[in-house]
Amino acid sequence: MRSVRALAVAALSVLTFSGTSHAAEPKSGGIFRIYHRDSPGSASIHEGATYSLNVPFMPIFNNLVIFDQHIAQNSTSTIRPELAESWAWSGDHKTLTFKLRKDVKWHDGKPFSAADVKCTFDMLMGKSQQKFRQNPRKSWYEQVDEVTTNGDDEASFKLKRPQPALLSLLASGYSPVYPCHVSPAEMRTKPVGTGPFKFVEFKANESIKLTKNPDYFKKGLPYLDGIEFTIIPNRSTAILGFVSGKFDMTFPTEVSIPLLKDVKSQDPKAVCVVEPNNVSTNIIINSTAPPFDNLDIRRALALALDRKAFIQIMFEGQGDIGGTMEPAPDGLWAMPKDMLEQIPGYGPDIEKNREEARKLMQKAGYGPDKHLQIKVSTRNIAVYRDPAIILIDQIKSIYIDAELDVVDTAQWFPKIARKDYSLGLNLTGNAVDEPDQSFYENYACGSERNYTNYCNKDIEKLFDQQSEETNLDKRKKLVWEIDKKLQEDVARPIIFRARTGTCWKPYVKNVTIMSNSSYNGYRYEDVWLDK
Amino acid sequence: MFAYIVRRLFLMLVTLFGISVIIFVLLRVVPGNIVDILFDAAGFVDPADKANLERELGLSQPIVIQYLHWIGGLLHGDLGYSYVSEKPALEEILPRIPITARLAGLALLFSASIGIPLGVISAVHQGSKLDYALRVVSLSGLSLPSFWLGLLILMASVSLFGTMPIFNPNPKTWLEALTIYAVPAMAVGFRSAALTMRITRSSMLEILRQDYIRTARAKGASEASVNYHHALKNAVLPVITVIGIEAAFLIGGLIVTETVFNIPGIARFLVEALRWRDYPIVQNLVMFIAVVVVVVNFIVDMLYAAIDPRIRFGD
């Protein structure tokens, strides 16, 4: 798989090589200019759920631990200390203790301490007086009983039960430590961090500017004098800006495969990489109402999918097929191929699958003379609409006539929450390639993001079992079993995962694009410009 | 004349009041508000948090109270706070006005300075090759969408000069400053210029057939004097009307042009604010645009009166 991808990328862009570009002696200075795809709603990472926030604001902060910024595949073995000097699990795996650095200051000059760690995570768990306006990742800390401090230099996470995944969640770009002395409201407009860059200004729909933090605790870093993000929602203008040299890098993972060809033809020296972004395009099914309360019809739907066709039409073959977890080789938890192909609908013989689907439809009372009439709801955004149209075309083959129902973004989740849909096409991004994040968020009974209300207590027991498992091999097997079961239950059929491109000028050094998440690789502390 | 001005001013106030009610009600009729959008980013809706936030932003109050709050604030110069940036709305809107004003002004200047002379030339040389050529140009201007033209200009610029005239808040040279406004102004003003040219041409053709033009020629007036002094002066009234209407419609054209050329003016800002349902920004911006349109119309009315005394006397 890896070699196939490498070959495809090489054919697409001759200069595609490693995601990382290192050079001999780093030079200091220069402003790193990147265009931004849209104007983020605020500057507070903890209150957002889009990487439009992580890319410009991650350089302002530090985490306790962070995924190595130069290893594309995030895993527990690539977690590095940041505000923590070290960490240790207790013998029962119920306490995670961090020894903190003593030489760290906030950008406003106040000292960083363990109290800031406690403040941040108390707020995330909803235990503090100060509240976030919204708290989309509260569920990540469901198993954390409390965060305690021991002096200024030690903080411990006490868990209700062992949860090895916690460390990975803390290493995500979504887990910065906030200062106690700055209110959430101020953090939305003028964020204060400890990171390599200080916030200068955020002009909505215009630009975001960061400047070098001269007091950064990692001596000699950052190399850049600053980072400037120019907000350009129009993709054509943005790409032309990159080609004409107005920008040093495109917005990460935002260049589609057809556009990548344009970039390479107009700027052959540009360095471009194509990576998966761990965002799945999936189908949400309202199984509480007819006709999809009938398991046979749900199964028929899953059998009708020709996943390769989606990828070919939309991404010229640059995509991956898998289950809930990111497919191999970039995904750490992907089911083996032979196991995946045993799942109904994943087998290579599409016509045979559809024949089986038609039989199930006939069993449910539909056939060539009686088609099932439904609506496929989706958001009025191209990345949603386009696959929805292909889906409508594909399910025609199993006696389902569907009409596209495009929904304004502001109405999408309220509509889903009301269960005012029959079949929906949705995109799900995963901040961390970690089963705890994916399973609990999307499939646990009562979870806010479990849009379909899929609830299987037996599987939920398996969620907990894998979550507590400290042996990696045993945990992987459990995860595969769960993923297979979720697909067989047609809980939320995964159609495909796209790959997207990022390009930068050859003089930009030390940029790495992560291959199993789009949310974690933007600290930019050792990026430099060889000009 | 005084009564005429007073009546126009009164009509302006009534129009603005009507617009304020329409904007306010329509915004709230559109499904979804800022809270829905914020929760959309989070991927789920928490009913308790949603209710808290709606209360915090004053969205849970009755619509009449919300309207009175807004209008009361507006009359005291308090435009409220942007829901998104949490900055005063005035602080967000004010810096963007000069940018759009410069762009719109240049576009109108381009439209008038190209459209009127070419319209006159086309009319004077009616049926000639030049006339046909100018009519093709004007038809192209009416047919080409400004976003498409803008993109084409950007592509050509990158391809021919290796650079592109997108917005830079701190231009290094006066030439760069002129380019970043002039090029988009041409892209958006091309359509207006074409329309102005066609109106000027048809109006001129009508005037050139009048008896008094023949009389002027018979009295030995030069062609230039006939065309520009006698004919154009009388033909310009409908042209002024069109330019006035175009000034109002320009804001629509600027939305796409500001997007394509990445100009942080009020037109693009309005679209973004609407996407976020940022009521304080949308309401105040639309009111500002309404004021501009109403004032432009008022000026056009005054110009009518100044150019054609019959309007004053007839009033």
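This is a predicted model: local features need pLDDT of at least 70, side-chain atom pairs count only at pLDDT 80 or more; totals for chains, interfaces and linings use all residues.
Residues are numbered from 1 along each chain as its sequence is written, while chains are lettered from A and ligands numbered from 1 in the order in which they are written.

**Chain A as a whole**

- Chain A has 16 helices and 18 strands; helices (H or I, at least four residues) and strands (E, at least two) are DSSP runs, numbered from the N terminus.
- A compact globule of 531 residues would have a radius of gyration near 24 Å, and the 23 Å of chain A agrees with that. The radius is taken over C-alpha atoms, and the globule rule is 2.2 Å times the number of residues to the power 0.38.
- Along the principal axes, the C-alpha atoms of chain A fill a box of roughly 75 × 55 × 40 Å.
- Buried residues make up 54% of the 531 in chain A. A residue is buried if 20 or more other C-beta atoms lie within 10 Å of its own, exposed if 12 or fewer, and partly exposed in between, with C-beta atoms placed from the backbone.
- Among contacts in chain A with a separation of 6 or more, 72% come from residues 24 or more positions apart. Two residues are in contact if their C-beta atoms, placed from the backbone, lie within 7 Å.

**The four-stranded sheet of chain A**

- An open sheet of four strands has the order E1-E10-E9-E8 (chain A), with mixed pairing. Strands pair if DSSP finds at least two bridges between them.
- Strand E1 (31-36) and strand E8 (197-203) of chain A are the edge strands, each pairing on one side only.
- From one strand to the next, the twist averages 15°.
- E8(A) and strand E9 (residues 207-212) of chain A run antiparallel and are joined by six bridges. In this part of the chain, A:Glu201 stands opposite A:Lys209 in E9(A).

- Six strands form another open sheet of mixed pairing, in the order E12-E16-E11-E15-E13-E14 (chain A).
- Its edges are strand E12 (319-320) and strand E14 (400-407) of chain A, and each pairs on one side only.
- Strand E11 (residues 271-285) of chain A is joined by seven bridges to strand E15 (residues 423-429) of chain A, and the two run antiparallel. A:Ile285 stands opposite A:Leu423 in E15(A).
- Helix H7 (residues 257-266) of chain A lies across E11 and strand E16 (494-504) of chain A, at about 165° to E11(A). Angles run from 0 to 180 degrees between N-to-C directions, and axes are lines fitted to C-alpha atoms, for helices over the stretch in contact.
- Helix H9 (residues 307-315) of chain A lies across E12 and E16 of chain A, and runs at about 25° to E16(A).

**A close look at A:Val192**

- A:Val192 sits in the loop between helix H5 (184-189) and E8 of chain A.
- This residue counts as buried because it has 20 C-beta neighbours inside 10 Å.
- Leaving out residues up to four places away in sequence, A:Val192 touches A:Trp106, A:His107, A:Asp108, A:Pro179 and A:Val182.
- A:Pro329 is 137 residues from A:Val192 in sequence and 38 Å from it in space, C-alpha to C-alpha.

**Helix packing in chain B**

- Helix H6 (residues 96-124) of chain B packs against H11(B) at an angle of about 145°, with the axes 10 Å apart.
- Residues of H6(B) in this contact include B:Leu103, B:Ala107 and B:Ile116, and those of H11(B) include B:Val239, B:Ile243 and B:Leu250.
- The axes of helix H10 (residues 211-218) of chain B and helix H11 (residues 223-260) of chain B come within 11 Å and cross at roughly 145°.
- That contact is made by B:Tyr212, B:Ile213, B:Ala216 and B:Arg217 of H10(B) with B:Val226, B:His230 and B:Ala231 of H11(B).

**Where the chains meet**

- The contact takes 35 residues from chain B and 34 residues from chain A.
- H2(B) gives the largest share of the chain B side, seven residues.
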